[in-house]
Amino acid sequence: MSWILELDYALFRAINGLAGKNALLDGAMKGLCNDHFVPFTLGFALVIFALSGRNRREDGERIKGTVEVFLAIVVSALLLQIITSFIHRSRPFVDHEVNLLFYRPTDWSFPSNPATATFSFFFAARPYHRGYSRLFLALAAAMSFARVFCGVHYPGDVLAGIVLAAFSAWLARRLEPLGSPFHRTLAYGLERARSRILSRE
Amino acid sequence: MENFREDVVGTVLFCFLACLGALVLAVQAKGWHGLCPYGGRLRRNWSHALAAALFILAYALYFSDPQHRNVRNIEGFMSLVSLVIGAVLAAAFLAFSASLAEEVRRWFLRRKALGGWPGWPPPQWQALEVEGAGEVLFTEGWSGGKEDLLAVMEPVPASRHLALAIASHLRGRRLAFLLPALPGRRESTERRTRALQDQVSRLVGALGEKAGREGSGCRVLVVGDASRIFLPRWLPSPGPLEAWRPSKVVILAPPLREPGNGALTDSLISNTPLDLLRALPGEGGVAASSLRAFLGAWLVTFLLILPAAVLLPFLFRARWWFLSGPAGALVASFWLSFHLRNPLREREEAGEGMDGEAPAYPSCLPGTEEDTRYLIVIGSDELASPREPSAKDPSAINPALLADLSVLHAEVIREPRLLRGKLFSWPSFPAKLEEWIWG
């Protein structure tokens, strides 16, 4: 077990060691590391994704995908709460000397909360649209890297977050009946809107 | 000591502006001209510029504040709530701005097109009201002759304005307008079509009695949804217009059948959200009984769940418990009541499209005399454009749609400038209309 932690720390040092050498890179990483920048960008992209169907069938599919993303995020948040109540891993800056470019979060480090949430977008949307899921992946990967770069997470936290997100998305897909009333109602509303605003205008 | 700033209002504003940008992009991509935020028809460059400006404004406003950059802010749950609230506010604002911009635009256009505000009906027109069928209006000397025009308008309130605008542009022509009453939109496709055919037959009868029947061979203009009167499956014999033995029938922006599910697109009215609200009283109420039953069940379930849903986060000392509790109750009660009283069950079991249209539907093709010339003009419609991205010609018609129309003796053209509901935003439209009718 200890060799995993050592490897994790070695990886962390390699990535975090890049911080403080280039002001431009530091600025970009601080932006990507921000609690709201990437998650909200993903949220806005999800709004566009939900409404970008070219016909009724695509509308229905994308609404279903959007509800599944929400469900995956809720499932991952619940699982994350359970995990953090059993596993208490301190942030890197608590135990080590790090290049800290961000504020000092007070919650536990493992698994990475932002990585779990952002990768849930990717894993849940993947079956519905490749293009959007690639965008989600790029943003999620960038934020996760930035969290390590800025010294607030170990790479292992991010990896655990990715695994948790993948499991949550899988579970959300299996729990489709839970989301069914929402996506059916939303798809119905969108179809009515399509019929009345587009077709009847 | 951790520096902590919980700025809910700022975050909601950020979400509102960015979601507005996202919605503008979605409206442009979908071609929902009724939700065009600046009125008139959607313009790609305008929409993209507006969306980009909104995104830049949102991000610049939010992240220019140092407290939003490197300080702990609201957490996941409130972020999600802010996103949902921002999206709902953005949708409401878009609906409001689209309605307002379109009302202002129409006000100026009507004033310009009509040269003032004529009362209804205009004094120089003869008007008949046929109870339960609608209105007939015709100008002095109209007899149904070859140079006369009989226009069958859409069964929507806005057709009065369209009639006035057409009459203003075709000044000097002898015109008759049939304005059918609005058949209830809650009716099935078949009942609505039959009602419309019956209404038009009665209006034609009233016109014949009043204007005399000596003329024949007039030109007929059928606008949008009114071309349902040609649907052969339900066409009464003789057809509603055969009394005038038209020499030419121009069908403007007819209903099209969406490939795959057969749902119809139709109508010329520009449906801004305000138009939809105005049309509600004529549609026999806001909600079907199944929806009312569902809403009742949702309310009861919500009230039953609410105390427990609020108590739980309160006991666990969750932040924003007074918000997360009711929000959780709202979601849980929706889920529960949906399973108790599914408002979509009837539609889904009937296999109907979501908007109540029958999935299989005959094309709108003229079914009257063979010596009548037919011209069908398809407008700017996503269904009409060819699917192949290589097809650059804007007047090209989707071959699948042409095959679906299965018109035997009609000329079909596509005029991309013809935008349903916004006919007169195309300046040369009246001249083109004249050419289509009398050319």
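The dialogue below takes up chains, cores, helix pairs, a peptide bond and a loop residue in turn.

Me: Before the details, what kind of model is this?

Reply: The model is predicted, and every value discussed here is computed from it.

Me: How many helices and strands are there in chain A?

Reply: Chain A has nine helices and zero strands. Read from the N terminus, its elements therefore run α-α-α-α-α-α-α-α-α, as elements here are numbered from that end. The C-alpha atoms of chain A fill a box of roughly 65 × 40 × 25 Å along the principal axes.

Me: How should I read a nonpolar core?

Reply: In soluble globular proteins, nonpolar side chains tend to be buried together. Here the largest nonpolar core has 78 residues. The residues with the most contacts inside this core are A:Phe44, A:Phe136 and B:Phe14. Helix α1 of chain B, residues 8–30, supplies the largest share of the core, 12 residues. A second, separate core has 32 residues, including B:Leu128, B:Leu150, B:Leu178 and B:Ala206.

Me: Which residues does A:Phe136 contact, apart from its neighbours in sequence?

Reply: Setting aside neighbours within four places in sequence, A:Phe136 is in contact with A:Leu42, A:Ala45, A:Leu46, A:Phe121, A:Phe122 and A:Ala125.

Me: How do I read the pairing of α1(B) with α2(B), and at what angle do their axes cross?

Reply: Take the distance and the angle together. The axes of α1(B) and α2(B), the latter being residues 44–63, come within 8 Å and cross at roughly 165 degrees. Angles over 145 degrees count as roughly antiparallel, so α1(B) is roughly antiparallel to α2(B). Their crossing is left-handed. The residues of this contact divide into 18 nonpolar, six polar and one charged.

Me: Is the crossing of α4(A) and α6(A) left-handed or right-handed?

Reply: The crossing of α4(A) and α6(A) is right-handed. Helix α4 of chain A covers residues 56–86 and helix α6 covers residues 113–125; their axes come within 9 Å and cross at roughly 145 degrees. On the α4(A) side, the contact residues include A:Glu68, A:Val69 and A:Ile73; on the α6(A) side, they include A:Phe121 and A:Ala125. By type, the contact residues divide into eight nonpolar, four polar and one charged. A:Phe121 and A:Ala125 are also among the contacts of A:Phe136.

Me: Which residues does a cis peptide bond join in chain A?

Reply: Most peptide bonds are trans. The bond joining A:Phe110 and A:Pro111 is cis, with omega about -10 degrees. A:Pro111 is found in the loop between α5 (92–95) and α6 of chain A.

Me: Is B:Asn342 buried or exposed?

Reply: B:Asn342 has a relative accessible area of 11%, so it is buried. This residue is found in the loop between α8 (321–340) and α9 (345–350) of chain B. B:Ser290 is 52 residues away along the chain, yet the C-alpha atoms of B:Asn342 and B:Ser290 are separated by 7.8 Å.

Methods. Residues are numbered from 1 along each chain as its sequence is written. Chains are lettered from A and ligands numbered from 1 in the order in which they are written. This is a predicted model: local features need pLDDT of at least 70, side-chain atom pairs count only at pLDDT 80 or more; totals for chains, interfaces and linings use all residues. Side-chain values use heavy atoms; hydrogens and water are left out. A nonpolar core is a set of buried Ala, Val, Leu, Ile, Met, Phe, Trp, Tyr and Cys residues joined through side-chain atoms within 4.5 Å. Buried means under 20% relative accessible area, exposed over 50%, partly exposed in between (1.4 Å probe, protein chains only). Helices (H or I, at least four residues) and strands (E, at least two) are DSSP runs, numbered from the N terminus. Contact means heavy atoms within 4.5 Å. Axes are lines fitted to C-alpha atoms, for helices over the stretch in contact, and angles run from 0 to 180 degrees between N-to-C directions. Angles under 35 degrees count as roughly parallel, over 145 as roughly antiparallel, 65 to 115 as roughly perpendicular and the rest as oblique. A crossing is left-handed if the near helix is turned anticlockwise from the far one by less than a right angle, and right-handed if clockwise. Ala, Val, Leu, Ile, Met, Phe, Trp, Tyr, Cys and Pro count as nonpolar, Asp, Glu, Lys and Arg as charged, and the others, Gly among them, as polar.
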